[in-house]
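Trainee: Could we go through this one together, slowly, starting with contacts?
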Amino acid sequence: MIEYSSLALECALAVQSILDLHILETPGEHGKGVFRVRLEPGQEAAMGADEPVTLWVRGGQGGQGTPLFSGCLEGLLVREEGGYREAELTVLSGTVRLDRKRRDRVFQDT
């Protein structure tokens, strides 16, 4: 079992804690992660599109940690609630970059 305290979200935001997460894998679609986090007070809450986001399980072999989900930012919603700033990040798996890159192949030009 993995506990929230053993997870870390690596991104351009100053994340204080992970409040909720949901990872979806649907056949024929890119993996999708939705992460709700509490932000460090007084820190900037902005990220550019396609910035990398990785969810890590702390520890593991050699204390390095293990990546659980990795992708690029698709959407960001920041709100203030009860005196705290929270952000909801929608992240698509890194395979989405392959679909966005134009390739010169016969099957794509039909």
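Trainee: So what does L9 touch?
Mentor: Leaving aside residues up to four places away in sequence, L9 touches V15, I18, F35, V37, V53, T54, L55 and L89, where contact means heavy atoms within 4.5 Å. Please keep in mind that this is a predicted model, in which local features need pLDDT of at least 70 and side-chain atom pairs count only at pLDDT 80 or more, while totals for chains, interfaces and linings use all residues. Residues are numbered from 1 along each chain as its sequence is written, and side-chain values use heavy atoms, with hydrogens and water left out.
Trainee: Which residues touch the most other members of the largest nonpolar core?
Mentor: Those are L9, L13, V37, M47, V53, L55 and L89, in a core of 18 residues. A nonpolar core is a set of buried Ala, Val, Leu, Ile, Met, Phe, Trp, Tyr and Cys residues joined through side-chain atoms within 4.5 Å, and buried means under 20% relative accessible area, with exposed over 50% and partly exposed in between, for a 1.4 Å probe and protein chains only.
Trainee: And which strands supply at least two residues each?
Mentor: β1 (7-10), β3, β4 (52-57), β5 and β6 each do that for this core; strands (E, at least two residues) and helices (H or I, at least four) are DSSP runs numbered from the N terminus.
Trainee: New topic: how many aromatic pairs are there?
Mentor: Searching the whole structure gives one aromatic pair. The ring centres of F35 and F69 are 6.1 Å apart and the planes are at 55 degrees, so the pair is tilted; rings of Phe, Tyr and Trp (its six-membered ring) pair if their centres lie within 6.5 Å, and planes under 30 degrees apart count as stacked, over 60 as edge-to-face and the rest as tilted.
Trainee: Where do F35 and F69 lie?
Mentor: F35 belongs to strand β3 (residues 32-39) and F69 to strand β5 (residues 66-81), so the pair ties together parts that are 34 residues apart in sequence.
Trainee: Are those two buried or exposed?
Mentor: Both F35 and F69 are buried. In β3, the covered face holds G33, F35, V37 and L39, while K32, V34, R36 and R38 make up the uncovered one.
Trainee: What does β3 pair with, then?
Mentor: Strand β2 (residues 15-24) pairs with β3 in the antiparallel sense over eight bridges, and seven bridges join β3 to strand β6 (residues 84-93), also antiparallel; two strands pair if DSSP finds at least two bridges between them.
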